[in-house]
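Try each task before reading its solution.

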Amino acid sequence: MTQFKALVLRESDGKTSAAVEQLDSADLPEGEVLVNVQYSSINYKDAMAVTGTGKIIRKFPMVPGIDLAGTVVESSDGGFTPGDAVVLTGWGVGERFWGGYSQMQRLRAAWLLPLPAAISLRQSMTIGTAGLTAMLCVMGLEDAGITPQSGKIVVSGANGGLGSVAILLLSRLGYQVTALTREVNETSLKYLTSLGADEVIGGEEWKVAPKPLEAQKWGGAVDTVGGTVLARLLAEMDYQGAVAACGLAGGFQLATTVMPFILRGVKLIGIDSVMCPNPRRLQAWQRLARDLDFSRLAATERCIGLSGVPEIAAEMMAGKSRGRVVVDLAE
């Protein structure tokens, strides 16, 4: 049997613990494809799982990690052969099914996608669920008719991984990008403008419930926060503007009215990357290979080993993390 390391979550007396353990291939779940996992990443949902925040994990023990990239070792599915580079995001992996924080993983073939040749395994995890979702948001805005001529595009939660990649993509595509962040300081200004943001904003008004309609400011938005921030974005949208909503870090409730929708023709587009059909996923990965500035993408990344995941997860839950965190399973 092949032995390998994995980060395993266990529950005792209602509390979640995370520890690196030695496993072997007999411990792995069922699936058609055995993958040598080389990289994973840390997303907000991973941080919630590892810290035991909310009810992300459905059953214990669990190997978290909603993203993974690696090479096929064995496959009983004709779509994959040993040596193929593959990427996985979503599908409940790392929540209901064992995920990417393991040097080896057995997975369902339907969850895997071939990795575009222009993207390396490590780069795919610098992108990860956050970057894939950012691309789906951009595609959603495009489908809604939002172009670089539509006006300013605001990205909330701009310092986070999803927000960072959204800024990179929108800037590269010619949009005028406004980064909305919790705290505007010299560090965030330098970081966000380096990604391509034209301006960086924040302030107490983003914590205050807006009027049903506010002054029109934005041609479109990528919202990773939800709650009061999303309500204000909707109230401040230009006529026929659109918001691609993909996160709820600021809350899942939405206190708004129908007025932005029926008086200004504003569109609210829900973006889901977990159960997104594979044809749309493939299109998004192909767009990422074409539209991302990979030199700038590298500036958003820091890389850690498996043992460092709990510490970074705690940082992320405290709002102290920035950019994308890649997990190198070889370290």
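Two strands count as paired if DSSP finds at least two bridges between them. Keep in mind that this model is predicted.

**Exercise 1.** Find the residue that stands opposite Val 155, and describe how the strands E8 and E9 pair.

*Solution.* Start at Val 155: the residue opposite is Ala 179, in E9. Next, take the whole strands: E8 (residues 153–156) and E9 pair in the parallel sense, over four bridges.

**Exercise 2.** Which way do the side chains of strand E9 point, and are they buried or exposed?

*Solution.* Begin with Val 177 and Ala 179, which point one way from E9 (residues 177–180). Thr 178 and Leu 180 point the other way. All four of these residues are buried.

**Exercise 3.** Work out what joins E9 to strand E10.

*Solution.* First, count the bridges: three link E9 to E10 (residues 199–201), and the two strands run parallel. Last, follow the path: E9, helix H4 (residues 186–195) and E10 form a right-handed β-α-β unit.

**Exercise 4.** Why does Val 258 count as exposed?

*Solution.* Locate Val 258 in the loop between strand E12 (237–245) and helix H6 (259–263). Its relative accessibility is 52%, so Val 258 counts as exposed, the cut-off being over 50%. Now look around: Val 258 forms a nonpolar surface patch with Met 259, Ile 262 and Leu 263, and together they have about 380 Å² of accessible area.

Terms used:
Residues numbered from 1 in each chain as written. Predicted model: local features only at pLDDT ≥ 70, side-chain atom pairs only at ≥ 80, totals over all residues. Heavy atoms only, no water. Buried < 20%, exposed > 50% of the residue type's maximum accessible area, 1.4 Å probe, protein only. Right-handed = clockwise from strand over helix to strand, strands pointing away. Patch = residues over 30% accessible without salt bridge, like charges linked within 9 Å, V, L, I, M, F, W, Y side chains within 5 Å. Areas by Shrake-Rupley, 256 points an atom, 1.4 Å probe, with all protein chains shown as cover. Salt bridge = Lys/Arg side-chain N within 4 Å of Asp/Glu carboxyl O.
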